[in-house]
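Please keep the sequence and the coordinates at hand while reading.

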Amino acid sequence: MTRFITLIFTLFFSSFSFSTPQVWQASKEGVTFTIMGSVHAGRPDFYPLPEIIVTRFNNADALIVEADIINDTNVRFPKSKPTRTHLNASQKQVLANVAADAGLPAENLLNLPPWQVAIALQMQQVNSMGLNQLLGVDLYFLSQTTAKNKPVIALETVQQQIDLLAKAENDGLELLTDTLKYWELSKDFMPCLIDSWLAGDEEKLTTIVDDMGTASDFEHKLIAERNHNWLKAMGDKSRFTEENYVMVVGALHLYGKQGLVPLLRNAGFDVKPLTQGKRSTCTLPALP
């Protein structure tokens, strides 16, 4: 389940009339980062975003994102084996059933590498929940940088993100098997996860991240290792030479024992919340 949930939130949401996700300020040695967790697909009712993040963005010296998904288009897909070579007959039947539920042709999916099949299925499920990639929070800010003359600082390249998935063991097979295994459960899990983000429910989001853990080397690379890399970058005075930045990264990177917020505190940053979250009313289904 870890791989299924983290992939949606790190590489790609209610009953609220406007969103109140958490926003933090982290300051050290004259540099201030205003940080908000992003989800990479959204709905109209995600907006308006908290006034503090919009105001800080308008006055920021630059926008920091995981990757510049608008301008960083020079990418290639590493050579991988197709999914049909990785699955046995029983697994292929499960894929066929899930593909039918998602409205995607199974035969076409079998010709793609497992990591691409996992993304295709997950994004189809995201769309079925009424979410749209064009309304993602990071894209919302990126789309305004040109008009507002805001530089964009990417912590990673799009190629690095693709390589992380494509070069996982067995062409990312675990991503696919998790997607298939938890397909039905995620229909209840994901809406509650979205509501928790919208409510700014730090306690529930922290519990989710800590319960998921980082059981495999891939999961460690996907979350914890990247968090530590970003922490190191944020302390680089030669890279961040201005005074005020707005930082928008995947929401699950901020919570838990290896989350970016506690890592910043441990590194000597003065970290404080700028918004007041509240408890979400949804109940998460039990993870097996």
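Which residues does Gln22 touch, not counting residues up to four places away in sequence?

## Basis of the model

This is a predicted model, in which local features need pLDDT of at least 70 and side-chain atom pairs count only at pLDDT 80 or more, while totals for chains, interfaces and linings use all residues. Residues are numbered from 1 along each chain as its sequence is written, and side-chain values use heavy atoms, with hydrogens and water left out.

## The Gln22 site

Gln22, in the loop between helix H1 (2–11) and strand S1 (23–28), touches Ile35, Met36, Gly37, Gly200, Glu202, Tyr255 and Thr275, where contact means heavy atoms within 4.5 Å. Helices (H or I, at least four residues) and strands (E, at least two) are DSSP runs, numbered from the N terminus.

Gln22 is buried, with a relative accessible area of 7% (buried means under 20%, with a 1.4 Å probe and protein chains only). Its side chain makes polar contacts with the side chains of Glu202, at 3.1 Å, and Tyr255, at 3.0 Å; a polar contact is a pair of N or O atoms within 3.5 Å, one able to donate a hydrogen and the other to accept it.

Notes:
Buried < 20%, exposed > 50% of the residue type's maximum accessible area, 1.4 Å probe, protein only.
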